[in-house]
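Please look at the sequence and the structure shown below, and keep both in view while reading the report that follows.

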Amino acid sequence: MDDAKKVAFNLSQLMMMELHRLLQRTHNHYLNCEWTKCFHTLRCIKFNVIQNLTEDERKQLKEIELKTNLRAHSREGLEELRISTERYHEMIMDILEAHGYLVKEREDHKRMF
């Protein structure tokens with residue numbers, strides 16, 4: 001394997017490890033009802049894959065970001081932040097799947113490997 005392929009493979013492996021780490025953090029923040037931290041971690045995921053996003057995907061994510069009030073001090077504000085975070089999370093996961101960042105399902109469901 002030539003050096004360029006080794007570098008590309010190592011870089012993509014590191015990128016996938018970083019995405020996995022950020023997804024784990026997102027889930028932990030979500031389970032702890034830490035909506036602001038969850039939202040910011042999702043934004044980090046976006047910025048890790050932004051080079052592959054279409055203009056439409058970027059626009060949709062940016063619209064949610066602009067509408068999201070990260071300074072939620074009231075109970076109603078926290079509920080709005082939770083709803084925005086969940087919508088943003090769904091979009092991020094759909095985008096990751098569409099661009100091949102998530103592990104594909106096995107074709108044969110009867111075999112282990």
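In which sense, left-handed or right-handed, does α2 pass α4? The crossing of α2 past α4 is left-handed, a term used if the near helix is turned anticlockwise from the far one by less than a right angle, whereas clockwise makes a crossing right-handed.

This is a predicted model, in which local features need pLDDT of at least 70 and side-chain atom pairs count only at pLDDT 80 or more, while totals for chains, interfaces and linings use all residues. Residues are numbered from 1 along each chain as its sequence is written, and side-chain values use heavy atoms, with hydrogens and water left out.

**The chain as a whole**

The chain has four helices and zero strands, where helices (H or I, at least four residues) and strands (E, at least two) are DSSP runs numbered from the N terminus. Buried residues make up 27% of the 113 residues in the chain; buried means under 20% relative accessible area, exposed means over 50%, and partly exposed lies in between (1.4 Å probe, protein chains only). Of the contacts in the chain with a separation of 6 or more, 63% are accounted for by residues 24 or more positions apart, contact meaning heavy atoms within 4.5 Å.

**Two helix pairs**

Two packed helices are described by the angle between their axes and the distance between the axes. Here the axes are lines fitted to C-alpha atoms, for helices over the stretch in contact, and angles run from 0 to 180 degrees between N-to-C directions.

| Helix pair | Angle | Distance between axes |
|---|---|---|
| α2 and α4 | about 25 degrees | 9 Å |
| α2 and α3 | about 155 degrees | 12 Å |

Angles under 35 degrees count as roughly parallel, over 145 as roughly antiparallel, 65 to 115 as roughly perpendicular and the rest as oblique. The helices α2 and α4 are therefore roughly parallel to each other, and by class their contact has eleven nonpolar, four polar and three charged residues. In this classification Ala, Val, Leu, Ile, Met, Phe, Trp, Tyr, Cys and Pro count as nonpolar, Asp, Glu, Lys and Arg as charged, and the others, Gly among them, as polar.

The helices α2 and α3, by contrast, are roughly antiparallel to each other. Their contact is made by F39, R43 and K46 of α2 together with L61, I64 and E65 of α3, and these residues divide into three nonpolar, no polar and three charged.

**The core and a buried threonine**

The largest nonpolar core has 17 residues, and those with the most contacts inside it are L42, I45, V49, L61, Y88, I92 and L96. At least two residues of this core come from each of α1 (3–31), α2 (35–49), α3 (55–67) and α4 (75–98). A nonpolar core is a set of buried Ala, Val, Leu, Ile, Met, Phe, Trp, Tyr and Cys residues joined through side-chain atoms within 4.5 Å. Leaving aside neighbours within four places in sequence, I45 is in contact with L19, L22, L23, T26, I92 and L96.

T85 lies in helix α4 and counts as buried because its relative accessibility is 1%. Apart from neighbours within four places in sequence, T85 is in contact with W35, C38, F39 and L42.

N48 is in helix α2, and at 27% relative accessibility N48 counts as partly exposed. Not counting residues up to four places away in sequence, N48 touches M15, E18, L19 and L22.

C33 is in the loop between α1 and α2, and C33 counts as partly exposed at 49% relative accessibility. Phi of C33 is near 60 degrees, a positive value in a residue other than glycine.
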